[in-house]
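How are the strands of this protein arranged, and how do helices pack around them? Here is a short report on both points.

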Amino acid sequence: MHTTSVLSPTNLLRMVLPSVHARLRGLLARWPWIRAVQLVVDDLWWGIRLWIGRIDTDSGTTHERLTLDESMRYIEGVMSDYKRYGRLANFRGVVAEVGPGDNSGVALLMRGEGCDRVDLIDRYESRRDPAKHHRIYEALSEKYNLSRFRRGCRWNDQDLEGITQKVGHSAEAYFRECSRSAEPVYDLIVSRAVMQHLFDPLGAMEAMIACLKPGGQMIHKIDLRDLNMFTPQKHELTFLGFPHVVYRCMTHNSGRPNRVLFHRYRDVLEQLKAQRLIDYDVFITRLVGIGDLIPHLRPVEISAEMWDHAERVVENCRQHFAREFVAVESRDLAVSGVFLVATRL
Ligand SMILES: C[S@@+](CC[C@H](N)C(=O)[O-])C[C@H]1O[C@@H](n2cnc3c(N)ncnc32)[C@H](O)[C@@H]1O
């Protein structure tokens, strides 16, 4: 009888690979520069993929890991956050959702509430499971009476009434082009967990403002953490230690966090406010060393103890920061998540 030898090449690999993997993880944890090299190589690979037109990605595949109930709760949570912090009674007019990822559920609910059109703008194409998405849209449809937006007998998010997919368009290019239109196009521009992935979020934000009709609103929830580039093995502020050029080489093509932090968004919003183009509001969603703030709070609503704690965590790491962060106030660097709400005047 033929039996597989205990020391066959496959078995040897099976024995050796986990320990190699564990050792590699240990090295990465001790020397973030090794991880940085790995990220630079990966980003180069992303550059090649984009150049040959491969835009499929696992980023934004939020619903892949969720049950039907969790997906419903996620979509409903996104909607209620926009309403609560944007102080929207309901959704109306023409809307752009930037970086929707693998689901058009938020757009469907917006249509259900009375939006005339929702444009979905995404640089990449998040992988999705059509059968699973059919179930999500069917459940949303039953709960919110949305069947009028389905074309054909099955839900297909490429073909929904009044929802336009603009996949393969970066937000930067799309809104720059849109800002050249004779008339502003949008009543509302929203995003969640997207601005931190843009290669030029500040330019995109200015262009978005130019695309808003008077009275129109822009609402962005922005996660300012490193999103597992170096965490959880290293401290949450490790990513601020790399010089600008190196960091850009790790992130530009892959859409990894752009390290554009709170103070830079605020400076642009302040400039636009000084030009009487907008009014704006900020809610802090997370603080360094503390975590999520739920409900999200305006800076003045956060207690002095919380600010002190978060600022101390920043101060303890400051000696390792790259030049561009050395002069930035600790309070600004302590903000690791924000909700920005701007209204076009
Ligand atoms: C973390 S996912 C968030 C997905 C979704 N908003 C959610 O809450 O589940 C980030 C999304 O931003 C998109 N994205 C990244 N860079 C972009 C860019 N420059 N322009 C437009 N979309 C971008 C990705 O393709 C992805 O769909």
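This is a predicted model: local features need pLDDT of at least 70, side-chain atom pairs count only at pLDDT 80 or more; totals for chains, interfaces and linings use all residues.

Eight strands form an open sheet with mixed pairing. Their order is β5-β3-β2-β6-β7-β10-β8-β9. β5 (163-167) and β9 (291-297) stand at the edges. Each has a single partner strand, so one side of each lacks a neighbour in the sheet. Neighbouring strands are turned against each other by 15° on average, direction ignored.

At one end of the order, β8 (residues 278-287) runs antiparallel to β9. Three bridges join these two strands. In one of the pairings, L287 has G291 of β9 as its bridge partner.

**Helices on the sheet**

Helix α3 (residues 68-86) packs on the sheet. Helix α7 (residues 201-211) lies across four of its strands, β6, β7, β8 and β10.

| Helix | Strands touched or crossed | Direction relative to β7 |
|---|---|---|
| α3 | β6, β7, β8, β9, β10 | about 120° |

**The α6–α7 pair**

α7 also meets helix α6 (residues 171-178). Their axes come within 8 Å and cross at roughly 35°. The crossing is left-handed. From α6, the contact uses A171, E172, F175, R176 and C178. From α7, G203, A204, A207, M208 and C211 take part. By class, the contact residues are seven nonpolar, one polar and two charged.

How values were computed: Residues are numbered from 1 along each chain as its sequence is written. Axes are lines fitted to C-alpha atoms, for helices over the stretch in contact, and angles run from 0 to 180 degrees between N-to-C directions. A crossing is left-handed if the near helix is turned anticlockwise from the far one by less than a right angle, and right-handed if clockwise. Two residues are in contact if their C-beta atoms, placed from the backbone, lie within 7 Å. Ala, Val, Leu, Ile, Met, Phe, Trp, Tyr, Cys and Pro count as nonpolar, Asp, Glu, Lys and Arg as charged, and the others, Gly among them, as polar. Two strands pair if DSSP finds at least two bridges between them.
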